[in-house]
Amino acid sequence: MSAERKTETIPQWKQEEVADVVEMIESYDSVGIVDITGIPSRQLQDMRRDLYGTAELRVSRNTLIERALAEVDAGLEDLTDYVSGQVGLIGTNDNPFGLYQQLEASKTPAPINAGEVAPNDIVIPEGDTGIDPGPFVGDLQQVGADARIQEGSIQVLSDSTVLETGEEVSNDLANVLNELGIEPKEVGLDLRAVYADGVLFEPEELELDVEEYQADIEAAAARGRNLSVNAVFPTDRTAATLLQKARGDAKSLALQGAIESPGVMDDLVSKADGQVRALAAQVDDPEALPEELQDVDEPAAAESTDDQTDTDDGADESDDDAEAEADEAADEDDDDDEDVGDAMGAMF
């Protein structure tokens with residue numbers, strides 16, 4: 001007798017659910033798996049509402065999520081390795097880094113219950129508890145807090161670590177924390193993995209110091225601009241600076257070489273005048289000098305020396321002027337670099 005082969009019949013509602021999940025997956029650039037363990041239904045609805053417009057959260061049966069991921073393929077089936085326990089599917093057109101930052105920022109403090117594992121060291125801070133003297137001081141001491149009755153109330157005399165990361169919360173500690181209003185854990189959507197542009201990212205790869213990353217980008221842009229200027233490689237960002245620098249170098253050369261160019265004639269005349277005055281001040285016989293220079297005495301000589309110094313430095317001043325103008329152009333480039341930073345900030 002031949003054995004009957006039984007084929008699995010998928011209920012219509014499951015087929016429709018898988019089709020809806022597939023449609024959701026295909027409509028976003030980035031798709032991820034989030035852990036929703038321990039999040040109350042009402043708070044989960046609030047999170048879904050907060051994400052509206054930037055991301056979509058969908059909760060379904062794990063088997064249906066896996067089936068949908070497998071149907072889409074294109075590398076997304078790798079996400080099935082992260083589908084276990086209480087999870088949801090999240091989709092967004094933002095990049096994975098932006099999604100991670102958004103989910104982390106949306107987490108809120110919450111009380112911790114007995115039997116839960118501490119996600120971090122739990123500390124009862126120093127200060128007045130605001131609770132009148134009574135048996136609660138003993139409860140505080142029982143869980144390891146440095147508590148005393150002082151000035152008519154129960155006070156914690158120093159920051160007290162009452163539980164370390166990874167340890168289980170006792171009933172007594174849960175009651176004490178609840179009485180003090182201490183919420184030692186964060187509740188939110190924990191991103192397990194996200195797939196985008198053919199790459200699978202885990203949270204550790206997405207945890208960036210945004211300010212440091214932005215500063216690195218700005219520094220790289222500034223170094224690139226400086227390299228372009230120093231190598232005399234014109235670009236749309238450095239052309240103005242290079243032209244100002246060239247102008248200053250040309251003026252300096254014209255002054256040093258006494259080239260009679262219209263742009264430097266005033267400076268050349270001023271320089272020559274200063275040199276003549278300095279020379280006249282050193283002549284001991286006034287009769288040997290032209291009449292207009294005979295009245296140059298020692299104080300005037302000192303002044304003329306200054307004039308000479310000023311005129312000799314004319315090229316340098318011209319360079320300084322050109323450099324100042326170049327700095328102005330560089331400042332405009334810096335504004336562009338700040339735009340790069342703003343764009344990076346917007347990305348996150």
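Analyst: Helix H3 (residues 62–72) has five residues on its buried list: Leu64, Ile65, Ala68, Leu69 and Val72. Buried here means under 20% relative accessible area, exposed means over 50%, and partly exposed lies in between, with a 1.4 Å probe and protein chains only. An α-helix has 3.6 residues a turn, so residues three or four places apart point the same way. Thr63 and Glu71 are exposed and sit on the face of H3 turned away from the buried side.

The model is predicted: local features need pLDDT of at least 70, side-chain atom pairs count only at pLDDT 80 or more, and totals for chains, interfaces and linings use all residues. Residues are numbered from 1 along each chain as its sequence is written, and side-chain values use heavy atoms, with hydrogens and water left out. Helices (H or I, at least four residues) and strands (E, at least two) are DSSP runs, numbered from the N terminus.

The cover over the buried residues of H3 includes helix H1 (12–26), strand S1 (30–35) and strand S3 (87–92); contact means heavy atoms within 4.5 Å. Just after H3, aspartate 73 takes a positive phi of about 60°.

Leu69 of H3 also belongs to a core of 20 residues, along with Leu76, Val83 and Ala193, among others. A nonpolar core is a set of buried Ala, Val, Leu, Ile, Met, Phe, Trp, Tyr and Cys residues joined through side-chain atoms within 4.5 Å.

S1 and S11 are antiparallel and share six bridges; strands pair if DSSP finds at least two bridges between them. Within this pairing, glycine 32 faces valine 194 of S11. S11 in turn runs antiparallel to S12, joined by three bridges, and tyrosine 195 stands opposite leucine 200 in S12. Two residues lie between the strands of this S11–S12 hairpin, in which aspartate 197 has a positive phi near 50°.

S12 also takes part in the one aromatic pair of the structure. Rings of Phe, Tyr and Trp (its six-membered ring) pair if their centres lie within 6.5 Å; planes under 30 degrees apart count as stacked, over 60 as edge-to-face and the rest as tilted. The partners are phenylalanine 97 and phenylalanine 201, edge-to-face at 5.8 Å centre to centre with 65° between the planes. The pair links distant parts of the chain, 104 residues apart: phenylalanine 97 lies in helix H4 (residues 96–105) and phenylalanine 201 in S12 (residues 199–201). Phenylalanine 97 counts as partly exposed because its relative accessible area is 22%, whereas phenylalanine 201, at 17%, is buried.
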